[in-house]
Amino acid sequence: MATETPPPATPGVPLPATEEFTEVQQSADFGELRRAHRSFAFPLTVAFIAWYLLYVLLSNYADGFMSTKVAGNVNVALVLGLAQFLTTFLIAWWYARYAATALDPRAKAIKTRMEGAE
């Protein structure tokens, strides 16, 4: 799927032709990069959405459970609500770490090859 908008140019490096972008997009390296990204992002996204919907459903339909006191005035609803923030930050950290180790080197190799500095 080619687009009409070219990527941002690196100063001093000529942009490859549209055919070269299409060729790279169809290459095995790019396919592996895309698969590596999707195999991480999609399952984690589905899991987080399920976790969020569980929280919403429990909040709406399980009043007794959610109002159970954990400590003092802290109840299950508050703990699970704060856990939503914690999981958001953990997922962001985990993805940044995964991208730095698994995705960025592959993307850099493709970029270097496209810029002709093999």
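Predicted model: local features only at pLDDT ≥ 70, side-chain atom pairs only at ≥ 80, totals over all residues.

Student: Okay, how do you know how far α4 reaches?

Tutor: α4 runs over residues 76-114, and going from its first C-alpha to its last gives 53 Å. At 1.5 Å a residue you'd expect 57 Å, so the value is close to that.

Student: Where is the kink in α4 centred?

Tutor: On A99, and the kink is about 45 degrees. A99 also turns up among the buried residues of α4, along with others including A102 and L103.

Student: Why is Q84 called buried?

Tutor: Buried means under 20% relative accessible area. Q84 has 8%, so it counts as buried.

Student: And what does Q84 touch?

Tutor: Leaving out residues up to four places away in sequence, Q84 touches F48, W51, Y52 and Y55. As for the buried residues of α4 in general, what covers them includes α2 (28-61), α1 (18-25) and β1 (69-71).

Student: What makes α2 roughly antiparallel to α4?

Tutor: Their axes come within 10 Å and cross at roughly 175 degrees. Angles over 145 count as roughly antiparallel, so that's the name this pair gets. The residues of their contact divide into 20 nonpolar, six polar and four charged.

Student: What comes after α4?

Tutor: G116 follows, and its phi is positive, near 80 degrees.

Terms used
Residues numbered from 1 in each chain as written. Heavy atoms only, no water. Helix = DSSP H or I, 4+ residues; strand = E, 2+ residues; numbered from the N terminus. Bend = angle between axes of the 7 residues up to and from the residue. Buried < 20%, exposed > 50% of the residue type's maximum accessible area, 1.4 Å probe, protein only. Contact = heavy atoms within 4.5 Å. Axes fitted to C-alpha atoms, helices over the stretch in contact; angles between N-to-C directions. Parallel < 35°, antiparallel > 145°, perpendicular 65-115°, else oblique. Nonpolar A, V, L, I, M, F, W, Y, C, P; charged D, E, K, R; others polar.
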